[in-house]
Amino acid sequence: MSQFGRSEIEAALAAVRERTQHQPHIGLVLGSGLGPLAQSIDDAVIIPTEELPHWPVSTVQGHAGKLYLGTLEGQSVIALRGRSHLYEGYHPSQVALSIRVMQLMGVHTVILTNAAGGLNEAYTPGDLMLIADHINFVGLAGLNPLLGANDERLGPRFPSMTHVYDRELRQRAREIAQSQHLPLQEGVYVGIAGPSFETPAEIRFLRMIGADAVGMSTVVEATAARHGGMRVLGISGITNKAVDSTETDAEPTHEEVLEASKLIAPRMEALLRGVLRGLPRDTR
Ligand code: HPA
């Protein structure tokens, strides 16, 4: 694992700019099983991330690494399909490269989506969950994307994480969900490293510390985005119920996650489109 700084970010940014004149102001990160949403982006320039210097290559089934730059609901967007994860062996600053490239392209709002396991017993697979707040479990334990020398041009040394998930955007998302009858929960997402799913004892522990959903992404990107002064909206698709007992045959699988995503993807698309429609065209 090596730590990324300004030179890697600028090299990746330059390679994106060589391929397109687009000036996106909204960034989208599409989680597991949600990649096909990128096909809704109009007139997209598509860049395989393996063509970009320093880009951490995504190695997971269901996570083809591509950037899409185009228009969605009249907004100029950059979407990442196939994010990278800590469990692939990347340093958090590498995982955050996509967010930094978006930041330097002028993106002011980032929408992070993911697949997550439902810890809250009221949640059903297929639900969407608005992320009200997060627990950066690996970050608290020392794997924070902001480790190392701080680049003041990207953000402050000690950024506040009190309001990671923008209140106005959450309100907007609630209104859209209500008007379109989309099942929307709201809760705390805990980010763990993975790739192993949690043990039942870990599930009970994560519930106890106040988490409603658990996943292997998002918190690193959200931390970098807030550091960079961007507004963040986070939406989880609940793909499975967390298994909290060893005395059952139930087990989470990646196949189950991808299967549930088929139900989640159209709901997520409706919510994203509604939120994008309500955003001003270019303010910061
Ligand atoms: N645990 C961790 N990550 C996940 C899960 C889960 O149960 N479901 C989807 N991503």
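## Basis of the model

Because the model is predicted, local features need pLDDT of at least 70 and side-chain atom pairs count only at pLDDT 80 or more, whereas totals for chains, interfaces and linings use all residues. Residues are numbered from 1 along each chain as its sequence is written, and side-chain values use heavy atoms, with hydrogens and water left out.

## The ligand site

The ligand sits in the largest pocket. A pocket here is an open set of points on a 1 Å grid over the protein atoms alone, where a 1.4 Å probe fits, with protein on both sides within 12 Å along at least five of seven lines; a molecule sits in it if more than half of its atoms lie within 2 Å of its grid points.

Polar contacts are pairs of N or O atoms within 3.5 Å. A polar side-chain atom of N240 lies 2.7 Å from a nitrogen atom of the ligand, a polar side-chain atom of E198 lies 3.0 Å from a ligand nitrogen, and a polar backbone atom of A115 is 3.3 Å from a ligand nitrogen. Taken alone the ligand exposes 260 Å², of which the protein buries 94%, as computed by the Shrake-Rupley method with a 1.4 Å probe.

## Salt bridges

With a salt bridge taken as a side-chain nitrogen of Lys or Arg within 4 Å of a carboxyl oxygen of Asp or Glu, the count comes to 14. One of them joins the side chains of D151 and R6 (4.0 Å, N to O). This pair links distant parts of the chain, 145 residues apart, with D151 in the loop between α4 (137–140) and α5 (167–179) and R6 in helix α1 (residues 6–19).

## Backbone features

A cis peptide bond, with omega of about 0°, joins G194 and P195, and P195 is in the loop between β7 (184–191) and α6 (200–208). E73, although not a glycine, has a positive phi of about 50°, and E73 is in the loop between β3 (66–72) and β4 (75–81).

Terms used:
Polar contact = N/O pair within 3.5 Å; in protein donor to acceptor, adjacent residues only side chain to side chain. 1 Å grid on protein atoms, 1.4 Å probe; cavity = no way out; pocket = protein on both sides within 12 Å on 5 of 7 lines; lining within 4 Å. Helix = DSSP H or I, 4+ residues; strand = E, 2+ residues; numbered from the N terminus.
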